[in-house]
Amino acid sequence: MDIKRNKAKGPEPREVKTEPMEGQDLESVIERAQGHDAEALGEIHRRYVQRVFGLCRYMLDSRESAEDATSEVFLKLQRSIGSYDGSIPFPRWLLRVAGNQCIDVLRRRRRGQQVIVEVEDGATVIEATSPERSPLGTVIRMEEKAQLQAAIARLPENHRVPLVLRYYSELSYDEIGQQLGLQRNNVATLIFRAKQELRRKLAHRSK
Amino acid sequence: MECYSEQTCAIFVDGELAVDEARQLRDHLATCRRCRDLVDALRAENRVLSESLRELPEEAASPKAFSRLRLSRVWGDLAVMAAVLALGSIVSVWIDELKIPEALEWFNPFSPSGLTNLMFNLSDYFAHGGTAMLTDYAAVVGGFFLLLLLGSGALLLGRRGRLRQPGLRLLIVLLTLSLPSFALERRHGEFVTVPASETVDDTLLASGNTVRVEGVVNGDLLVFCQTLEVRGTVKGDLMSFAKRTVVSGSVEGHIYNLSQSLDLDGQLGHSIYGWAQSFHVGNRGHVGDGIVVGAGDVSLEGEVKRSATIFASNADVSGSIGRELTMAGGSLTLTNTARVGGNLSARVRQLKDVHIADGATIAGKRDIQMQVRKSQFTRPRFYFHQAVWFAAAMLVGWLGLVLFPGFFQSCTQAVGSGWRSLGLGVGVLAGVPLAIIVAAVTLVGIPLSLMLFAAYLAAIYLAKIWVGAFLGRILLKPAGATKGDWLLGLLVGLLILTIVGFIPYLGGLVRLGMVCLGLGAFAWQLYQASRPAITA
């Protein structure tokens, strides 16, 4: 019953006209979104929802949690878009926000513990392996992308998260370190190990 | 000079090496072929990684485990036999112990409470032109069942009666579904209570006036009653057929609801699917998945983790919905506290019936449109469809007359008994769905309920033919009773009924009356035919 009394006289909804928004350049859409324009926020959602979902899907273990995280990102965007200052490209900024959201989810699952644990000292120096023995690009290229994707999905969180942040969100080591609360050289090591793990998985499969 | 480690090269390729070190490495690359190859390979690797990641990950579900399921013929036959035995035993046990109808008094159209309920529902139904929808739906679903029957018949014939894998799997599924009903605990009484100290380990089937669950039910909970209150915990699903359902405790599975009112003030692990007069999620209510409901009034004050799909004449949202909100119907209100995590799409009759408060949060797009009801009479397709349906009805009438002349003609005459047919028809129209539900909840009764449903829809379709033929007879007053006369009467009667059926409001009433009359006549004739004195 209370709801009816509280019924706010909102603006009259109009029939949605999507055409003019789609052609607009990103800057003006963002500007309008910062002014809490619902249509502009909707347009940003339309343009980037797949990209954000992709990141969440790689970062989190299930489709459901990825979908949840994605909608959370866009919900929070209404408030946080005001803080976007244009110093970095918007997609990158948005992916950083999305990355943070996923890390939050992972952290919550571990009841506040650090998501990515630091690697032990000294591990940063890894013996050079001869290129002949590492499968690297040429072998990976022969693999189907789907296989590579599956292998990435099967990586342990510790390796998967930094790898995805680096090559999907294209964040720098420093940015990743900031998000995960890690030293820069730790980030480098984790990414390197993630790749080695991937090579091992793929080499094992292709045998 | 000594070569660099692979990790250093990888950091270099990522563009993350300190400026000085990067310069030294670059100098080294100019002279060292091995390191140059390594750096090239690392670059290629990064490229492949970025490209692969850019595409959305595929779901790694592998259905191989299921498609390779092969059973030998002996095992197959054994499974079929076991399934048949299991089904038979369960059905017999079930029929013995069935005491549900007493608890469903409110749903019985002849009881005072059932009558008010029926009147209430029917008035709402007329106002929304539901009868037209029902008959159309009946035609579509009836056709689908016919196709399914024909298809599976042909398949079985083609395989010479051999039950191959699909059939076998269906039986196995039925068998596994039927197993839990062995572990079914039944309780019946005026007041059925599961006290706070009690834990029911099986699926609980409760019927009575008031059912109250304060303890724990580890299986599913099936309830037929006037009032159901869940204050404790149901670990499985809740299937409720009640006048009023209140959940203030927790249900860890789904809720399937066919109550007149449903209030959720507790925790629900998964989704709600339901049909209700009024549907309410209180501010302490939490739905772990989504909701799909059709209701007169819907109010959402609590939290729905995923999407909400609502068909309602009036929907108020002041809580939070994690994903999309899809609404179709009369009016929609989102208050200041409402939160929608995805798109909002609404289909309403008038745009002014949508109120979205300034403080309401909607993450995705807003898509609010009017259901433009363009007059169907302006479209040529409408006339084509009507002509096809008309021809089909004539064809069905002719077939019926050729195949079962006596039955069809006496059905036509039985329509003339007026109130008897009408009353019986209302009873059948309301009672058969109930029987279908009762059959379906026994799990093993699902095939039976599907068959009953198909027959029900077929009878609804045939109703207009008997009523049409009767109407034509009254008007034309033919001297003879030849097939030609009967068909001419049918033609005239159907034409009149079709045209009258399009009059707003009255049309709906006429269609409903027609369905009831025809169903009643059909039921009466079935009853007569089953009496040996008459058939002899």
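In what sense do strand 14 and strand 16 of chain B pair, and over how many bridges? The points below answer this and consider the rest of the predicted model.

1. Pairing around strand 14. Strand 14 of chain B pairs with strand 16 (residues 308-317) of chain B in the parallel sense, and the pairing extends over nine bridges. Within it, D297(B) is placed opposite N314(B) of strand 16. Strand 14 (residues 291-300) of chain B also pairs with strand 12 (residues 272-281) of chain B, again in the parallel sense and over nine bridges. In that pairing the residue opposite W275(B) is G294(B) of strand 14.

2. The ten-stranded sheet. Chain B also contains an open sheet of 10 strands with parallel pairing, in the order 2-4-6-8-11-13-15-17-19-22. Its edges are formed by strand 2 (199-200) and strand 22 (361-362) of chain B; each has a single partner strand, and therefore one side of each is without a neighbour in the sheet. Inside the order given above, strand 15 (residues 303-304) of chain B runs parallel to strand 17 (residues 320-321) of chain B, and two bridges join them. There, V304(B) faces I321(B) of strand 17 as its opposite residue.

3. Composition of the chains. Chain A has 11 helices and zero strands, and its pattern along the sequence is accordingly written α-α-α-α-α-α-α-α-α-α-α. Chain B has 16 helices and 23 strands. The share of residues that count as buried is 38% of the 207 in chain A and 37% of the 536 in chain B.

4. Range of contacts. For chain A, 70% of the contacts between residues at least 6 apart in sequence join residues at least 24 apart. For chain B, residues 24 or more positions apart account for 33% of the contacts with a separation of 6 or more.

5. Nonpolar cores. The largest nonpolar core has 121 residues, and those with the most contacts inside it are L55(A), C56(A), V164(A) and V223(B). Helix 4 (residues 38-59) of chain A supplies the largest share of this core, 11 residues. A second, separate core has 37 residues, including L429(B), L471(B), V515(B) and A523(B). As general background, nonpolar side chains in soluble globular proteins tend to be buried together.

6. Surroundings of V223(B). When its neighbours within four places in sequence are left aside, V223(B) is in contact with A206(B), V211(B), L228(B), S240(B), F241(B) and A242(B).

7. Helix 8 of chain A. Which residues of this helix are buried? In helix 8 (residues 145-154) of chain A they are L148(A), A151(A) and I152(A). Viewed down the axis of helix 8 of chain A, the buried residues fall within an arc of 100 degrees, so they line one face of the helix.

8. Positive phi values in chain A. H36(A) has a phi near 60 degrees, a positive value in a residue other than glycine. H36(A) belongs to the loop between helix 3 (26-34) and helix 4 of chain A, and it counts as partly exposed because it has 13 C-beta neighbours inside 10 Å. E170(A) likewise is not glycine and has a positive phi, near 55 degrees. E170(A) is located in the loop between helix 9 (157-167) and helix 10 (173-180) of chain A; with 15 C-beta neighbours inside 10 Å, E170(A) counts as partly exposed.

9. L422(B) and its partners. L422(B) is part of helix 12 (residues 419-441) of chain B. With 17 C-beta neighbours inside 10 Å, L422(B) counts as partly exposed. Leaving aside neighbours within four places in sequence, the contacts of L422(B) are C516(B), L517(B) and G520(B).

10. Confidence. The model scores ipTM 0.78 and pTM 0.44. The average pLDDT of chain B is 76, and 72% of the residues score at least 70. For residues 158-163 of chain B the pLDDT is below 50, and this stretch has four contacts in the model beyond near neighbours in sequence. Residues 177-182 of chain B also have a pLDDT below 50, and this stretch has 11 contacts in the model beyond near neighbours in sequence.

Methods:
Residues are numbered from 1 along each chain as its sequence is written. Chains are lettered from A and ligands numbered from 1 in the order in which they are written. This is a predicted model: local features need pLDDT of at least 70, side-chain atom pairs count only at pLDDT 80 or more; totals for chains, interfaces and linings use all residues. Two strands pair if DSSP finds at least two bridges between them. Helices (H or I, at least four residues) and strands (E, at least two) are DSSP runs, numbered from the N terminus. A residue is buried if 20 or more other C-beta atoms lie within 10 Å of its own, exposed if 12 or fewer, and partly exposed in between; C-beta atoms are placed from the backbone. The arc is that of the directions from the helix axis to the C-beta atoms. A nonpolar core is a set of buried Ala, Val, Leu, Ile, Met, Phe, Trp, Tyr and Cys residues joined through C-beta atoms within 7 Å. Two residues are in contact if their C-beta atoms, placed from the backbone, lie within 7 Å. pLDDT is the predictor's confidence in each residue, from 0 to 100.
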